[in-house]
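Hello,

Here is the structure I promised to pass on to you. Please open it next to this email, and then read on for what turned up in it.

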Amino acid sequence: MVFSTVLLFLIVILPIITLIVGTVNIDTSNFRYLWNNLLLDYSLDTMYLVLITSFFSLLFGVLPAWYISTNNFTGKNIYDILLYLPLAIPAYIMAFTYSDILSYTGPLQSFARNYFPDLVSFLNQDYLQIEVLGVIMALALYPYIYTACRLSFSLIGANYIDLSRSLGMSRTKTFYKIIIPLSRVSIFSGLFLVIMEVLNEYGAVKYFGVNTFTSGIFRSWYSMQDVETASLLAVFLFFVIVLFFSVERFFNSRYNFNYKPNTKKFRHENPSTSKKIFIHIISFIPVFLGFIVPLLFIIGNVIYEFERIDFYKVFNLTSNTFIVSLIASIIIVLIAVYFQFLKRIIKNKILTVFNEAISLTYALPGAVIGLSLIIMFTSFPFKSEVLLGSFIVLIYAYVMRYMAVGISPLKSSFEKHPSSYDDTAVNLGMSPIKLFKSIHLPINKSAIAIAFLITFVDIIKELPITLILRPFNFDTLAVQTYEYAIEEMIPKSSIYSLTIVMMGVILLIFLKKIVNKEIDVSGS
Amino acid sequence: MNKYFYALLLLFLGSCSSNNKNSNVINIYSQRHYNVDELQYKNFEKLTGIKVNVTKANADELIQRMKNEGNSSPADLFITVDVGKLWQGGEMGLFQEFNDQSVFNNIDPELLDPNNLWVPLTYRSRVIVYSNERVNKDELSTYEDLSDEKWKGKLLVRSSSNAYNQALLSSLVENLGSEKTTKWSEAVVANFARSPKGNDRDQVKAIAAGQGDIAIVNSYYIGLLLSSEKEEEINAGKAVSVFFPNQGDGERGAHINVSGIALTKNSPNKENAIKLIKYLTSGEAQKTYVTNSYEYSVNPTVQPDEIVQGWGEFKKDPVDLNSLGKNRSEAIRIFDKTGWK
């Protein structure tokens, strides 16, 4: 079993190894050129964008999650669903949409010119700024943090809260001194996903004139035709992220979280009217800006273009998208469950390391994964012209990229359950298969479903990998959206982005139901 | 025993080759995907019954892909909007010669590839547009003049990562040399109204918004703005006028770039591919291009769209178009050195 794990692990990270190995013998003059001229700018821009996006994601994600988890008020359930939904809108769509909405010829300023001429000069700004992009990306990505916090806040036993209150801590202090530290791991894992998405982003940052590290990778690869330097930069970025990730793990490994399944259920507060208003505002803003506004804009475009839509093409692309995402998600969940299960029954240090490491492929921008696969399948000993340009490579790339997304909820779920389960089962003479089927599978059912849904939603939005590796004549909804958007034909792209959003919304509503069931089960 | 073995082998080989020779198709790797291209392919299919398969992506990605696919690449044709990429593909040995005088007779000889590795389909000029309100036409003259201090804080242009700007700078390197071009780029960057962002149409909108006075854009975008279905965009297009630089006596002419097509080295459907090349350079297809995308035809007898005609005729920079590819790396280095993001 350990062997199969090692094999699986190697298969997943093999392309990275190819990439790293490929950089060993390169001529570093191009790299030095980049280092001297551009890397400082790229790094600063990247860090600044990450900072702004993180700040606003936390703002939009943590506060609503807290209030919804701890208060009762009308509309709570509706907000709870809506707050997930911006995840259905790809970040680059959000960016193109808002740049159109805010632009000089867009609806906001046009409206002002017709009805509020006094506001015109105030509204007439250059909105293509890094700060604006940060807020836009936060609107698209905060649901990662919202989900993580929502789960975490609900699972924190009422005991902690009651205890701290009886010790005289104010509500605010309780929040900062007890709740946040206890939720650290969850908040961080959500934030990690947000940051990875920012680092992966290419289309939106290019358009807004923000030069991130990833831009540098593409500049070498595309503009200078220097695949080696691009690989070197990608590997450098990869190691920085690995370092960052390892440091965080080191600090968090000192904490062990035990969620007692029989903790007292959380008592929801009934807030005062003024507090209710405050809660409504806090919850409404992310929903309004992150989902309602972009959705209305997209729908408006679809109505406008309605007669010219090629519905056959929409259907074709939808089924393409659905099938590849389905296959890849299933594979990811299978591998993730396998790894987590093995980790429990075989207490092997190597397995633990592999488990962590397999998530690291998330740290590579999608296009770099595409690049590494192309390099891998065109060089000895994996040279294969049949595989390259086939679905197998495409799905392989998806699995590599989104493994981390699938593992994350499964990891928390598997780790939550005490090891006494396994020890007892072994004592009772259960075989591993029986152990899995009768214990681990049922108790982790929700997490498996969550992992599948989140991965699925991510893959239907995926862009760079699909652009590079897709087979001939095979497009997905995301690819078609992008093709129109960068050709400055946003209205034409809208039916495709609307389809992505609708698919995502349906999946996310399912997700929400499962997460809520999980919360109820654990709290009772 | 031997007989059966050879029969099986033949059957096997026979079935293999028919996989490659899909009777009536062509496979195109294309960077262009405007509506007009879809229209052209549909018309071609109606005419010849040959199905056109298109994979649309960034030219660099496609080039990498063709390079990696090698001899078994399914692509017959490669189409780009930047002649520099065509040159590059040629350099990398991805194309085969296409030498058909009947086709070339319909094309302006200035636009042809001396190596016969690619065929031009349309061309466009990278022009200066200026605010009707705030700029007098007499203030404009050449690309070189854009480095003059009088434009400080007034010049708008998109990022240097865009191929159109890279091609323009490549032509300057070819015409003026690296050193002068570097000085030019430095001075131009100092004149920027804002750090480069957005696309060409955004620069025009920024002029309309008063955020700058002049911009460097591709000619056809003005046509697209003026024929937009959004009134606001038409207004933005009307707020500016088109100026072709370097038209004076003794001047070299305005920079152009060519959208072109190349026949891949191991094209599996060569005959069909050649038919498409002939079709796209024919009068009918050329007229379709100019009326839909506001580009110029490579056929000197085909007139551009009315809107485009309204800008007047202009002298084209006759520089070897392949230099727009040869000087590309140098151009990018100059952009980086001079801080043109």
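How many helices and how many strands does chain A have? Chain A has 24 helices and zero strands. Please keep in mind as you look around that this is a predicted model.

Let's stay with chain A for a moment. Its radius of gyration is 24 Å, close to the 24 Å that the globule rule gives for 524 residues, so chain A is as compact as a globular protein of that length. If you draw a box around its C-alpha atoms along the principal axes, the box comes to roughly 65 × 60 × 50 Å. Of the 524 residues in chain A, 59% are buried. The contacts are also worth a look: counting those with a separation of 6 or more, 82% are between residues 24 or more positions apart.

Now turn to the place where the two chains meet. On this interface, 49 residues of chain A are in contact with 49 residues of chain B. The size of an interface is often given as the accessible area lost when the parts come together. Here, the area buried between chain A and chain B is about 4500 Å², and carbon and sulfur atoms give 42% of that area.

What holds a charge on either side? Between chain A and chain B the count is five salt bridges. One of the salt bridges pairs B:Lys230 with A:Asp100, and their closest N and O atoms are 3.7 Å apart. There are also 14 residue pairs in polar contact across the interface of chain A and chain B, both residues being at pLDDT 80 or more.

Which parts of chain A supply the side that touches chain B? Several helices each supply at least two residues, among them helix H2 (29-37), helix H6 (107-115), helix H17 (366-378) and helix H23 (477-486) of chain A. H12(A) gives the most, with four residues. Sorted by class, this side of chain A has 20 nonpolar, 14 polar and 15 charged residues.

Finally, one residue in chain B to click on: B:Ser219. You will find B:Ser219 in helix H9 (residues 219-226) of chain B. Is B:Ser219 buried or exposed? B:Ser219 is buried, with a relative accessible area of 0%. Leaving out residues up to four places away in sequence, B:Ser219 touches B:Arg124, B:Ser125, B:Val127, B:Tyr296 and B:Trp311.

Enjoy exploring!

Best wishes

Methods:
Residues are numbered from 1 along each chain as its sequence is written. Chains are lettered from A and ligands numbered from 1 in the order in which they are written. This is a predicted model: local features need pLDDT of at least 70, side-chain atom pairs count only at pLDDT 80 or more; totals for chains, interfaces and linings use all residues. Side-chain values use heavy atoms; hydrogens and water are left out. Contact means heavy atoms within 4.5 Å. Buried area is the accessible area (1.4 Å probe) that two parts lose on being put together, summed over both. A salt bridge is a side-chain nitrogen of Lys or Arg within 4 Å of a carboxyl oxygen of Asp or Glu. A polar contact is a pair of N or O atoms within 3.5 Å; within protein, one must be able to donate a hydrogen and the other to accept it, and residues adjacent in sequence count only if both atoms are side-chain atoms. Ala, Val, Leu, Ile, Met, Phe, Trp, Tyr, Cys and Pro count as nonpolar, Asp, Glu, Lys and Arg as charged, and the others, Gly among them, as polar. The radius of gyration is taken over C-alpha atoms; the globule rule is 2.2 Å times the number of residues to the power 0.38. Buried means under 20% relative accessible area, exposed over 50%, partly exposed in between (1.4 Å probe, protein chains only).
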